[in-house]
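Dear colleague,

Please find below the structure I promised to pass on to you. I would be grateful if you could read the notes that follow alongside it.

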Amino acid sequence: MGVPLRQQLAVGSYLIKQKLKGAKKYPLVLMLEPLFRCNLACAGCGKIDYPDDILDKRLSVEECLQAVDECDAPMVSIPGGEPLIHKDMPAIVEGIVARKKFVYLCTNALLLKKKIDDYKPSPYLTFSIHLDGNKERHDASVCQDGVFDRAVEAIKLALDKGFRVTINCTLFQGEQAKEVAEFLDYAMELGVEGITIAPGFSYERAPQQDIFIKGRDVKELFRGIFKIGKNRKWKLNHSSLYLDFLAGNQSYNCTPWGNPTRNVFGWQKPCYLLSDEGYAETFQQLLDETPWEKYGTSKNPKCASCMAHCGYEATAVEDMMKNPIKGLLTAIRGPKTEGDMVPEPVPVYANEKPSSGLAGIPITVEAMDS
Ligand code: SF4
Ligand code: SF4
């Protein structure tokens, strides 16, 4: 775990307050998407397939800060699109930092060298740099040569200037555990604070559909990575139980309200990943009006291949609070990499007639649970 103690304590005390208040649904990380426009066009991206009038929309500074205040999550992740394209991003970040929320500014880093002096180092600000693997793998993933080298240059620059820096890595088809392990070693040598890692979610809007890893293959890949990692000192920015879930050892339902999403359309139902399920005008309406029971790996074919941290990290954290000894033991021994995996979730929708909202979606899914 690479997260600094200050942040661990702040998030821990927030969680305890929610429990003492008896809150049933509460946010952990606000996913703030102030624009969809990007300066790359990655094969697995589900965010940039919009007409120009949508790609030209921006959330204003006021709208962003209102979302932060409404939701009141202790952490704010700003993905996109490419946030550094937004001309008011420095003011948005400054406003969030002033509220003592921990902000992760997710960027492909192409603009970071040019824009870095618009930001001030702070314990509340982290640049989360998109790197999907080594040079060959990352440049293929973002469909452009030379991006890996520019991202690495930007990481070194940001570290030299005293910023917190993490890497955000998404895994796709064809990954080998050894290759991923070598990349994680390299990332640690760069001196980043930590790495988030997850299998890519199979966005319906992604330009390429055959690149996503699904089902048992995801768990086998993570077991292979963690087996190699037993003797390494990787700092993975995830709870021990989420990592154990990725390795096929925990049976979890998702907690989509843990990472609520505010973008140019409103508050997205139910999560960051599903874009055609409607929007709410306020965070409270999102909580009250979303038919949460319709979503989850076994409940909805659109969710069938999801193991994403925006859905399951909050579940793992909740489990950790209920079962601290299990969480502690898993943290000490690492994720289990041998033996049986938990059974794949059985889709409950398989025998149901599809509702009009799901018409046209194939019902045959690979069992399991990006
Ligand atoms: S850098 Fe991110 S937002 Fe931009 S195209 Fe790639 S995945 Fe999409
Ligand atoms: S399973 Fe994944 S895609 Fe479905 S609601 Fe949960 S987080 Fe969203």
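This is a predicted model: local features need pLDDT of at least 70, side-chain atom pairs count only at pLDDT 80 or more; totals for chains, interfaces and linings use all residues.

An unreviewed UniProt entry places the feature "domain: Radical SAM core" at residues 24–231.

Ligand surroundings. Ligand 1 is surrounded by 13 residues, of which the closest are Cys-38, Leu-40, Cys-42, Cys-45 and Asn-108. Sorted by class, the shell around ligand 1 comprises seven nonpolar, four polar and two charged residues. Around ligand 2 there are 14 residues, and here the closest are Cys-254, Cys-271, Cys-303, Cys-306 and Gly-311. The shell of ligand 2 holds eleven nonpolar and three polar residues, with no charged residues.

Helix packing. Two packed helices are described by the angle between their axes and by the distance between those axes. In the present model, helix H8 (residues 177–190) packs against helix H9 (residues 216–229) at an angle of about 50°, and their axes are 8 Å apart. H8 is therefore oblique to H9, and the crossing in which H8 passes H9 is right-handed. On the H8 side, the contact is made by Ala-177, Lys-178, Val-180 and Ala-181. H9 contributes Leu-221, Gly-224, Ile-225, Ile-228 and Gly-229. By class, the residues of this contact between H8 and H9 are six nonpolar, two polar and one charged.

Backbone details. Which residues are joined by cis peptide bonds? One such bond joins Gly-80 and Gly-81, with omega at about 0°. Gly-81 is found in the loop that runs between strand S2 (75–78) and helix H4 (89–98). Another cis peptide bond joins Lys-269 and Pro-270, and its omega is about -15°. Pro-270 lies in the loop between strand S8 (266–268) and strand S9 (279–280). Finally, Asp-72 has a phi near 60°, a positive value in a residue other than glycine. The position of Asp-72 is in the loop between helix H3 (61–71) and S2.

With kind regards

Note on methods: Residues are numbered from 1 along each chain as its sequence is written. Chains are lettered from A and ligands numbered from 1 in the order in which they are written. Axes are lines fitted to C-alpha atoms, for helices over the stretch in contact, and angles run from 0 to 180 degrees between N-to-C directions. Helices (H or I, at least four residues) and strands (E, at least two) are DSSP runs, numbered from the N terminus. Angles under 35 degrees count as roughly parallel, over 145 as roughly antiparallel, 65 to 115 as roughly perpendicular and the rest as oblique. A crossing is left-handed if the near helix is turned anticlockwise from the far one by less than a right angle, and right-handed if clockwise. Two residues are in contact if their C-beta atoms, placed from the backbone, lie within 7 Å. Ala, Val, Leu, Ile, Met, Phe, Trp, Tyr, Cys and Pro count as nonpolar, Asp, Glu, Lys and Arg as charged, and the others, Gly among them, as polar. A residue is near a molecule or strand if its C-beta atom, placed from the backbone, lies within 6 Å of it. UniProt positions are given in the numbering used here, feature names are shortened, and annotations may be inferred rather than shown by experiment.
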